[in-house]
Amino acid sequence: MNPFSSGTRLRDMIRAIRACKTAAEERAVVRKECASIRASVSDNDNDYRHRNLAKLMFIHMLGYPTHFGQMECLKLIAAPGFPEKRIGYLGLMLLLDERQEVLMLVTNSLKQDLNHTNQYIVGLALCALGNICSAEMARDLAPEVERLLQFRDPNIRKKAALCSIRIVKKVPDLAENFVNPVVSLLKEKHHGVLLTAIQLCTDLCNLNEEALEFFRKKCTEVLVKVLKDVVNSPYAPEYDVSGIADPFLHIRLLRLLRVLGHGDADASDSMNDILAQVATKTESNKNAGNAILYECVETIMSIEDSSGLRVLAINILGRFLSNRDNNIRYVALNMLMKAISVDDQAVQRHRATILECVKDSDASIRKRALELVYLLVNETNVKPLTKELIDYLHVSDQDFKGDLTEKICSIVEKLSPDKIWYIDQMLMVLSEAGNHVKDEVWHALIVVITNASNLHGYTVRSLYKAVQTSLDQETLVRVAVWCIGEYGDMLVNGIGMLDLEEPITITENDAVDVVELAIKHHASDLTTRAMCLIALLKLSSRFRVCSQRIKDMVVQSKGSLLLELQQRSTEFDSIIEKHQNIRSALVERMPVLDEASFSGRRNGSTSIPSTSMGSSVPNGVIKTTAAPLVDLLDLGGGEEPLPPNTNSMMTGGNFLQDLLDVGNGMSPSSSQPVTNANQAQKSGTDVLLDLLSIGSPPHQNGSSTPHDDILSINQDNNNKTSVTPLGSLSSPSPMMDLLDGFGPTPPPPKNDAPAYPTLVAFESSSLRLMFNFTKQPGNPQTTEIEANFTNKSSNVYSDFVFQAAVPKFLQLHLEPASSNSLPGSGNGSITQKLRVTNTQHGKKAIIMRIRISYKLNNKDMLEEGQISNIPREI
């Protein structure tokens, strides 16, 4: 016999495929067999049709296409015999799905088989319908399935209930047809029928509010009785699993009771006793028992329950935490996270066990337990819990230190009872895991330190001790260097000594040693070294004994490969060498920072600045085109000086984004990004910006040298200056020009800006964009634009977003739009303000590419264009 003829048995084909040694051989065998089956289909071979379809199903399971055999399924289903129908329905469920158009042809055969006198054929039709039923088939065949819920054979009733679940999910409108028939199934003794009926009830409750109310009134008592019978039932071998009678039925009943009891006090009250019985009688030494207990706990937490039963449920979860099975402990931790919002005190009793889970070897359990501990911390237990977590921080894995550090810092910031405790805990965290601490955390620590004037001496001494043994923790080094620079005299003179401190003798050289170690440490990055230079400059005016040593250390950085350090070193050396008369006033202590303002800005800034895209210079330092503070000691101006009001573009942002404004600037030669007006961004304004922030681009054109006299302000013959008292330098305003005392007082602005005509910047079939221009007198480079958007269609545009990009000779700042919804038919408009600075004013006109996105009837729309019709004089 031909091994690939229609008469080949299924087992022979499987044996031939399994004998293949390569994928190519397997494909060849499958190809020949499929060709044989196609020939048989073309010849309409009835004798081997069922065998061919069985082969096709095996080929389909191997992943090969078998669509050419779909009609064979329908022919076998239409055959009168049970064997043919069985293969036909099996092929229908495997080779087709509800999206196939061929499925429409089988609806009539299904209807006939659902009414067949042979119950086995009825069962085949129900199985097929339950697997591939589409919405159209559900509407056509729902009456037959509803009738079969009352069939005499329990297996048919079970299959009809399963098929009903598929129907009500496909067509929720049919749910009310199955409400009454399913009630009678809840009184069944056959567990299979009862299990499917309970699942059908649960789905009906989730889909239909009326069905939920009906079952609450009619079926709650019945379900409680069924659960009680199952709990107290004698041993039945056909339903027994690990000594527990039908745990699957237990779980389904508990889930349905959870749905019925949620939000209904009467239904919840009627099931309290049986839930308590399940919670106390179920054995927890078997996995089946633990599954029932977990569902019981979840039901207790979901219904309107008494506190006593909730305590019982949380105690069960506490027992789960002591289980050796990681899966059980994980689900217990998950449930306790939900339970803490319901009964915090009951969960607090298991705090010690939860803390042990934080130290578990399993990473997922550690992480989940840490999240739970974070939720458990309050004002009363913050100290012991924080101590436990910090103690574990010493021995925790490196992979876990990041998450653990983040949670500890958050706890300390939120719940610290006093500032000295806050500082102590943060120093311990920085000493142990400083490299895992985020920037905003140590920024916040510095803000707190500046506000704790009575703790300045204590803090700087504690940092001095900590940094001796933890020099590799860079965040700790940064805070220590900053504090030594600010409060070095208190460190040396022992000022502000607290009763709890032990006396310690520290010389000026000892303090400078710390800064020297930090600046020379191999792991110190640019920001840390720049902070060290700032600290040395400040110490040079306070430590007279080692001033020459400090000067030598500053000079050493002139040979650094990093341009930022070279420039700072040059400027600071100039201050130390030539300007000793103003040095002490220039580097006096930072003013006290406003904690509330910092917290507000840290939580999110509302300003939306738009700056040029950053680009790296050869030494890796990125400079900025707009420094948040005027650069007092800028010895090398950029190629293209910015207009005077550029500082106004950099408002808001991260309060302590970068203490030294190092490495987060932008290059003036870079391209302009698309700016989203509805997306808040950090802008870099920083009250703790270094007094000597270098914010301007590096000098390249040779117009001045780094050794120029930094205070030769009178070089401009047209601008005579007068020196004002140095007392103005100590103004508490964080954004003041620190050398404003050395320049003339600017005249008050005059409101005589020239008027410019309104311009239609962009227009499409659905939108019109108008530009209104204004300029401030004396500043022709900067143009204020008010964009006015009008909707020409009759539809309302929602989620309206305007974006713009400009060339690199322009700087663009977008303010938030007045609304994100644009009414139709011109009944309203959206306005949005833009500020454009043209560094090539008079030579090049303002141009920009725009993108406008919005939603029309929940469909995303996008319009793009270029605006190039703005006059050059604007």
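What follows is a short chat about a predicted protein model.

Visitor: What should I know about the model before we start?
Guide: It is predicted: local features need pLDDT of at least 70, side-chain atom pairs count only at pLDDT 80 or more, and totals for chains, interfaces and linings use all residues. Residues are numbered from 1 along each chain as its sequence is written, and side-chain values use heavy atoms, with hydrogens and water left out.

Visitor: How many helices and strands does the protein have?
Guide: 34 helices and eleven strands. These are DSSP runs, numbered from the N terminus: helices are H or I with at least four residues, strands E with at least two.

Visitor: What share of the residues is buried?
Guide: 51% of the 874 residues. Buried means under 20% relative accessible area, with a 1.4 Å probe and protein chains only.

Visitor: Switching topic. At what angle do α28 and α29 pack?
Guide: About 165 degrees, with the axes 10 Å apart. Axes are lines fitted to C-alpha atoms over the stretch in contact, and angles run from 0 to 180 degrees between N-to-C directions. The two helices are therefore roughly antiparallel, a label for angles over 145 degrees.

Visitor: Which residues of α28 and α29 make the contact?
Guide: V477, V481, I484, L491 and V492 of α28 meet E508, A511, V514, V515 and A518 of α29. Contact means heavy atoms within 4.5 Å.

Visitor: And K401, buried or exposed?
Guide: Buried, because its relative accessibility is 4%. K401 sits in helix α24, residues 398–415.

Visitor: What is K401 in contact with?
Guide: Leaving aside neighbours within four places in sequence, K401 contacts L393, H394, S396, E432, A433 and H436.

Methods: Buried means under 20% relative accessible area, exposed over 50%, partly exposed in between (1.4 Å probe, protein chains only). Angles under 35 degrees count as roughly parallel, over 145 as roughly antiparallel, 65 to 115 as roughly perpendicular and the rest as oblique.
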